[in-house]
Amino acid sequence: MYAPGREQDLRWMQRAIDLAALCPPAAGAYSVGAVIVGEDGTELASGYSRATGPREHAEEVALARLAPDDPRLTEATIYSTLEPCSQRSASRMPCAQRILQAGIPRVVIAWREPSLFVVDCIGYEQLVAAGVIVDELPELAAAAKFVNSHLPGME
């Protein structure tokens, strides 16, 4: 499993934050970036919210760029600027569930999802309960939030 030192985690999260800055702002959605890093420390895939459509989440975009059965996923780490969602509208699979289905053993986030759109996001808890290692980088939370300054309370 890819589990580097904190310095590398910070570098990959900064890459995810840079991707989040590419998101077209949307009044009803966060701007999020995600990077999947393989066991050897190379980027396997990346994405950001709304990169390929108005309803796509960053993790969803990044995972869609790899085959669902790509064996590298079982040793990868996914960096996401925001806690993976635990619920979605309509019939879309939540990102926490997508990560579990992909078999990714480690998730790194910059901040937990506030109660702006979902009263109680439990993506973090769902991942941990399933045995996934979840690390948080609070020192980059402000940068991840800044990308969302188009939303109320994120200024």
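Analyst: Val108 is found in strand S4 (residues 106-109); strands here are DSSP runs of E with at least two residues, helices are runs of H or I with at least four, and both are numbered from the N terminus. This is a predicted model, in which local features need pLDDT of at least 70 and side-chain atom pairs pLDDT 80 or more, while totals for chains, interfaces and linings use all residues. Residues are numbered from 1 along each chain as its sequence is written, and side-chain values use heavy atoms, with hydrogens and water left out.

Val108 counts as buried because its relative accessible area is 0%, where buried means under 20%, exposed over 50% and partly exposed in between (1.4 Å probe, protein chains only). Leaving aside residues up to four places away in sequence, Val108 touches Asp9, Met13, Thr77, Ile78, Tyr79, Ser80, Asp135 and Leu137; a contact means heavy atoms within 4.5 Å.

Val107, with the same exclusion of residues up to four places away, touches Ile78, Pro84, Ile99, Leu127, Val132, Ile133, Val134 and Asp135. Val107 is also one of the residues with the most contacts inside the largest nonpolar core, alongside Met13, Ile36 and Trp111. Such a core is a set of buried Ala, Val, Leu, Ile, Met, Phe, Trp, Tyr and Cys residues joined through side-chain atoms within 4.5 Å. In soluble globular proteins, nonpolar side chains tend to be buried together.

Now for the pockets. Ala29 is among the residues nearest the centre of the largest pocket, with Gly28, Tyr30, His57 and Arg88. A pocket is an open set of points, on a 1 Å grid over the protein atoms alone, where a 1.4 Å probe fits, with protein on both sides within 12 Å along at least five of seven lines; lining residues have an atom within 4 Å of a point. The lining of the largest pocket has 24 residues, and these divide into 11 nonpolar, 5 polar and 8 charged. Here Ala, Val, Leu, Ile, Met, Phe, Trp, Tyr, Cys and Pro count as nonpolar, Asp, Glu, Lys and Arg as charged, and the others, Gly among them, as polar. For the second largest pocket, the lining divides into 8 nonpolar, 1 polar and 2 charged. Helix H2 (58-64) and helix H3 (95-102) each supply at least two of its lining residues.
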